[in-house]
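Colleague: I have a protein model open here and I'd like to talk it through with you. Could we go over it piece by piece?

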Amino acid sequence: MKPLVFALSLVATLAVAVPASAQQAPSLVGTWKGPSDGVGMEMGYVNADYGLVVEEQRGRSFKAKVVYPVRGGTKSEPVFGTLTPDLKTLYLSGDDGIHIGTIQPDGVIDLCYLEADDDDALALCARLTKHP
């Protein structure tokens, strides 16, 4: 009986200890939108709608674009992202700065953007929900 008990406890332990990297990444493909709040050297205080459109995803990595308002309309820029192995944190890189985000238990993404260069600096965060 002891070998059987040991085997069963080993199987139970391994089932619980499956690494997060073995879990399937959540699908981020689609349009995410929400309000943002931030401040920049050139722009001053900013409160505007912000968007993330994830166009393609393979495993934890994805291609997307960020969409934000500018005078007279909207602008979009390509970004490239990945999820950490625990599937809770996002990192995205574009040509101007980086985005760092977290996926909340309710599926909401809290996403922050940081830009620092000689001419401008900007820190902005948005709470994004998936839209059909």
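Colleague: Let's start with two of the strands: how many bridges pair E4 and E5, and in which sense do they pair?

Modeller: Keeping in mind that this is a predicted model, E4 and E5 are paired over four bridges, and the sense of that pairing is antiparallel. One example of residues facing each other across this pair is Phe80, which stands opposite Ser93 in E5.

Colleague: And what sits between E4 and E5?

Modeller: E4 and E5 form a hairpin that has five residues between the two strands, and Leu87 in that turn has a positive phi of about 65°. Leu87 is a residue other than glycine with a positive value, and it belongs to the loop between E4 and strand E5, which covers 89–93.

Colleague: Is Leu87 buried or exposed, and why?

Modeller: Leu87 counts as buried because its relative accessibility is 10%, and the cut-off for buried is under 20%.

Colleague: What about E3 and E4, how do they run and how many bridges join them?

Modeller: E3 and E4 run antiparallel and are joined by 10 bridges, with Val66 having Glu77 in E4 as its bridge partner. These two strands also form a hairpin, with two residues between them, and Gly72 in the turn has a positive phi of about 85°.

Colleague: Changing topic, what volume does the largest pocket have, and which residues are closest to its centre?

Modeller: The largest pocket has a volume of about 430 Å³, and of the 24 residues lining it, Met43, Tyr68, Tyr113, Glu115 and Leu122 are the closest to its centre. Among the elements that give two or more residues to the lining are strand E3 (61–70) and strand E8 (121–131). By class, the lining has 12 nonpolar, four polar and eight charged residues.

Notes:
Residues are numbered from 1 along each chain as its sequence is written. This is a predicted model: local features need pLDDT of at least 70, side-chain atom pairs count only at pLDDT 80 or more; totals for chains, interfaces and linings use all residues. Side-chain values use heavy atoms; hydrogens and water are left out. On a 1 Å grid over the protein atoms alone, a cavity is a set of points where a 1.4 Å probe fits but cannot get out, and a pocket is an open set with protein on both sides within 12 Å along at least five of seven lines; lining residues have an atom within 4 Å of a point. Grid points are joined across faces, edges and corners, and a volume is the space filled by probe spheres set on the points. Ala, Val, Leu, Ile, Met, Phe, Trp, Tyr, Cys and Pro count as nonpolar, Asp, Glu, Lys and Arg as charged, and the others, Gly among them, as polar. Buried means under 20% relative accessible area, exposed over 50%, partly exposed in between (1.4 Å probe, protein chains only). Two strands pair if DSSP finds at least two bridges between them.
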